[in-house]
Amino acid sequence: MTTLNRRSFLQLAAAFGATAAWGTSLSAASAIPWRERRDLYPEGVASAEPHSDSILLWTRHAPLDSPAKLTVELAEDSAFQKVIASAHAPVSGASDWTTRVLIGNLKPSRTHFYRFTDAAGNGSRIGRTLTAPTPDDSRPVRFAFVSCQNANDGAQNAYRRMIYEDERAPDTDKLGFVLHLGDFIYELVWYPEDRPQGMYDRRIRDLVRYAHGEKIDDFHIPTTVDDYRAVYRAYLHDPDLQDARARFPFVNMWDNHEFSWKGWQAVQNFDGKNRPAQTRKVAAMQAFFEYQPARMARPNSASLDQFDPPKVADAAITRFDDHGLGQEPNNLAAVASLKGYRSLRYGRNVDLIITDQRSYRSEEPTDRPEAVAFTDKAFPQLLPQEAMEILDAGRAYNSNRPPGSIRFG
Ligand SMILES: [Fe+2]
């Protein structure tokens, strides 16, 4: 195991847009006059991406008149009599009042408690988190995975069950982390009046109204970073989701809906038509960075509180490399603005390889205009299996010899 020194740790934290705090082996009682004011931290707290010696912490303060610093404390006990790390974390409108702190020099396989306090002594709720076991620790690993939590359709009460079971489990059976595979938000939102008939026999919940949204068919999509931020806030107001983020470290990755329903690279697809959406891809990445703590590099920025979005334009993407990646400069800048793929080592038994299945992928072949020929009006969502297999394998079909034309029926 390599030991992270303090200098490289500071550089690492800056690359993730996080304030660095170095843990100490000498604990001390908190000297902060913390009074819990959950109304001033309406999206709660979160921790993310546990390593054996470090953890990422997150919160959002309600908007203030000017940029400020919060004090973050990490302790071995929930009464904060044994504080082992603290730091000042910046909040400002540039990151929608969110902040990230990477705490290092921690002991492995430990439970910790953390909280944030503003200059007036107004404090966040207390979060609980866990460090990972050492890479040579052979004990079994327990984690939960979740995805696809459409709060427009229903509450997030599956998290309540997760918390209930974990609180009652023996220590050896408690979860180490929650792996979120994406679709943490659904950017595509119905307003209740758009679907009075509801969805799947459920009424539509009035989740969020986009200030700059675009209406397509009977749903609304975000067009600006403020719209994407609004939908994250709406999700985090679900009490079960917020309690889960305060209890477990999460490992966060996006799927499609963090950007766009049928999105690929920086392209949106609605009503069967592609449209360049570099500005929206960057907006989606910025809101993800702000609301989902993760060890993701930002090549454009070393700021601790600003994403520093690359300036892009929605330009047509016409030239693709051999892997199908659009070479249009705004497309490349947008997909590179936040590097989502990474790995996480968790004890001896888990090496988690987190891939990005959206930012670099080619267009869905069945969405291409040519694919209309495959669809049958009587069965509009179905394709012949043989055609699907050929399309799915692409160039690799039949040992790299795909057919020039596809016959079926
Ligand atoms: Fe999904």
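Reader: What are the axes of two helices, and at roughly how many degrees do those of helix 5 and helix 6 cross?

Author: Axes are lines fitted to C-alpha atoms, for helices over the stretch in contact. The model here is a predicted one. In it, the axes of helix 5 and helix 6, the latter made of residues 329-336, come within 8 Å. They cross at roughly 10 degrees.

Reader: Is helix 5 roughly parallel or roughly perpendicular to helix 6?

Author: The crossing angle is roughly 10 degrees, and angles under 35 degrees count as roughly parallel. Therefore helix 5 is, relative to helix 6, roughly parallel.

Reader: Which residues of helix 6 meet helix 5?

Author: The contact of these two helices divides into three nonpolar, three polar and one charged residue. On the side of helix 5 stand Gln278, Lys281 and Val282. Their partners in helix 6 are Asn330, Asn331, Ala334 and Val335.

Reader: What describes two packed helices?

Author: Two packed helices are described by two quantities. These are the angle between their axes and the distance between the axes.

Reader: Why is helix 3 oblique to helix 5?

Author: Helix 3 covers residues 225-236 and helix 5 covers residues 278-291. Their axes come within 8 Å and cross at roughly 40 degrees. Because of that angle, the relation of helix 3 to helix 5 is oblique.

Reader: Is the crossing of helix 3 with helix 5 left-handed or right-handed, and which residues make the contact?

Author: Helix 3 passes helix 5 in a right-handed crossing. Helix 3 contributes Val225, Tyr228, Arg229 and Tyr232 to the contact. By class, the contact has seven nonpolar, one polar and two charged residues. From helix 5 come Ala283, Ala284, Gln286, Ala287, Glu290 and Tyr291.

Reader: Against which helices and strands do the buried residues of helix 4 pack?

Author: Helix 4 spans residues 239-247, and its buried residues are Leu241, Gln242, Ala244, Arg245, Ala246 and Arg247. They pack against two helices, helix 2 (158-168) and helix 3. The strands they pack against are strand 3 (45-48), strand 10 (127-130), strand 12 (177-180) and strand 15 (249-252).

Reader: How many helices and strands does the protein have, and what is its radius of gyration?

Author: The secondary structure comes to eight helices and 19 strands. For 409 residues the globule rule gives 22 Å, and the protein is close to that, so it is as compact as a globular protein of that length. Its radius of gyration is 23 Å.

Reader: What percentage of the residues in the protein is buried?

Author: A residue counts as buried if 20 or more other C-beta atoms lie within 10 Å of its own. Of the 409 residues, the buried ones make up 40%.

Key:
Residues are numbered from 1 along each chain as its sequence is written. This is a predicted model: local features need pLDDT of at least 70, side-chain atom pairs count only at pLDDT 80 or more; totals for chains, interfaces and linings use all residues. Axes are lines fitted to C-alpha atoms, for helices over the stretch in contact, and angles run from 0 to 180 degrees between N-to-C directions. Helices (H or I, at least four residues) and strands (E, at least two) are DSSP runs, numbered from the N terminus. Angles under 35 degrees count as roughly parallel, over 145 as roughly antiparallel, 65 to 115 as roughly perpendicular and the rest as oblique. A crossing is left-handed if the near helix is turned anticlockwise from the far one by less than a right angle, and right-handed if clockwise. Two residues are in contact if their C-beta atoms, placed from the backbone, lie within 7 Å. Ala, Val, Leu, Ile, Met, Phe, Trp, Tyr, Cys and Pro count as nonpolar, Asp, Glu, Lys and Arg as charged, and the others, Gly among them, as polar. The radius of gyration is taken over C-alpha atoms; the globule rule is 2.2 Å times the number of residues to the power 0.38. A residue is buried if 20 or more other C-beta atoms lie within 10 Å of its own, exposed if 12 or fewer, and partly exposed in between; C-beta atoms are placed from the backbone.
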